[in-house]
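Reader: Hi! Could you walk me through this one? I'd like to go from covalent links to charge pairs and then the ligand.

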Amino acid sequence: MLNRGGNAVDAAIAAAFTLAVVDPTHSGLGGGGFALLYDVRSRTTQALDFREMAPAAAGPTMYVRNGKLDPLLATDGALAVGVPGAVAGYFDTLSRAGTLKPAVVIAPAIRAARHGVVVTPMYQHLAARRLDCLRANREAARIFLRPNAAGVADVPPLGTLIAQPQLAATLERLAKEGSRAFYRGKLAQSIASAIQQLGGIVTADDLAGYHVIAREPLRGSYRGHPIATMPPPSAGGLSLLQVLGMVELLQPSGDVYGDPESMHVYVEALRRAFADRANYVGDPDFAHVPVAQLTSSAHLRELLRSFNPARATPVAALLPQAKATQDTFAGEKHTTHLSVIDRWGNAVALTTTINDAFGSCVVAPGTGILLNDQMDDFAAAAWQPNLYGLVMGEANAIAPGKRPVSSMAPTIVFQKEGQARPLLVTGGAGGATIPSSLLQIMIHLIDHGFDLAGAVGHGRLHHQLLPDQLRMEPHAYDPATLKALAAKGHRLEQREPWGDAQAVMEDPRTGLRYGASDPRNEGAVAGQD
Ligand code: DON
């Protein structure tokens, strides 16, 4: 798209539609997400919220059976589906700031759907993890699985070509008729009736009532670099700004690479940000989320009153309501982020997801559309963990028309000098680990002088308050550093690599652009000819 004269928005939306086809495990037309758009000419950043909405018949007891919460209902099958926002979001983004016609931008996705995409190791890994869920939906099994020797739908062999002719036809229709074709008429009917036949509650009216919301981005700064990120219902953006703010307060002269004292500060800041997330964040159209107060230095200072340089603060002191949660870590990588800077300096950070790998595993027959299980991002019961082990309170309770809180945090960091130029455009996958992955990229880049590939690839550490464990990727830090952290009372757990971040940057000194795609997954960097 850039080679054809398009701008960052054209490129981002072409990529988003194509990723819906070539990476059906991560995102798609049946999902939703967020985008930050930076327009260099007007120097303005817009935040677009095309997150799923709870259907009109949704309510706080919809996942309770016989007086008990049944978490599987919020992740597998039709009751898990939120009203999808991706198609409305992509079209809205393109019409606000794109320059190419939808038919041009969608064409590569249509080609890929017709021709088919090859099954990769990651596809196999995720299909194996979601096998029961996929098998339970005939259409999903037909498209995404292949019969094994015993004739049972199973993970397809490596290299299998997955063609999606029905998805191609749906995309062709969208290219001609626009997003209206998804939300009203035949496609909407097919989606609603497929969901209802399987026990879900999304109606044609829910689809007709879906709307994208343009929000004021959340703004902050780190070491003099202005930052724009996603506001609620994203909690990820708020966590980013809170942690950066606390790190700056405690380490005014910069974070020191690999220093256990610095890492302790960072981890303690993360724990406090997750406590605030649990207490305060919800859809701002339903719950009052005091973002200005939560990011104010007075509040951050207050949070840090309990900070002890020698000891990890106990969970009970930070979030007394929370019960211990089990460890649900699954090396999450299934959500799509893409970052673009164009030749003029416009930028797009777009994160889009169907939530868990293959979403709810429900495909609306005849459409090729795989639907999300985003309802799991609500607190189905206050203070009970979801898929990502996250506990949240009343502000994120289920209500009709409400949007579930997200960790997704598309972010643009601007240059210190020449503040009209983006320094870093980033975002990522990984559920609750998204903010910590992005924070480390920023801190490695800004404080530690890493190059972009080094910042994205570096071993990660993550804390989300509950479960009370400091997760480390293998070889992220040396044994002496880990020992020093353990001595402060952090419960260290080594885990397989997680997350999937994408980043592009402009070097302020040379003006050269760099891209880095997370080595933990199958993404890629591309440049204009
Ligand atoms: O919005 C969220 O926070 C989640 N639905 C994102 C899902 C995700 O990143 C999946 N993981 N890798």
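Author: Happy to! The count of disulfides (pairs of cysteine sulfur atoms within 2.5 Å) comes to one. This is a predicted model, where local features need pLDDT of at least 70, side-chain atom pairs count only at pLDDT 80 or more, and totals for chains, interfaces and linings use all residues. Residues are numbered from 1 along each chain as its sequence is written, and side-chain values use heavy atoms, with hydrogens and water left out.

Reader: Nice. Which cysteines form the disulfide?

Author: C133 and C361, with their sulfur atoms 2.1 Å apart. The pair links distant parts of the chain, 228 residues apart: C133 is in helix α5 (residues 131-135), and C361 is in the loop between β13 (347-353) and β14 (362-364). Helices (H or I, at least four residues) and strands (E, at least two) are DSSP runs, numbered from the N terminus.

Reader: Are C133 and C361 buried or exposed?

Author: Both C133 and C361 are buried. Buried means under 20% relative accessible area, exposed over 50%, and partly exposed in between, with a 1.4 Å probe and protein chains only.

Reader: Switching to charges: how many salt bridges are there?

Author: The count comes to 28 salt bridges, each a side-chain nitrogen of Lys or Arg within 4 Å of a carboxyl oxygen of Asp or Glu. One of them joins D518 and R460 at 2.8 Å, N to O. That pair also links distant parts of the chain, 58 residues apart, with D518 in the segment after β22 (513-517) and R460 in the loop between α17 (452-457) and β18 (461-462).

Reader: How accessible are D518 and R460?

Author: D518 is buried, with a relative accessible area of 1%, and R460 is buried with a value of 1%. For R513 and E506, which meet in a salt bridge at 2.9 Å, R513 is partly exposed at 34%, while E506 is buried at 5%.

Reader: Great. On to the ligand: how many residues surround it?

Author: There are 17, and the closest are T335, Q374, D377, S406 and S407; a residue counts if one of its heavy atoms lies within 4 Å. By class, the shell has four nonpolar, nine polar and four charged residues.

Terms used: Nonpolar A, V, L, I, M, F, W, Y, C, P; charged D, E, K, R; others polar.
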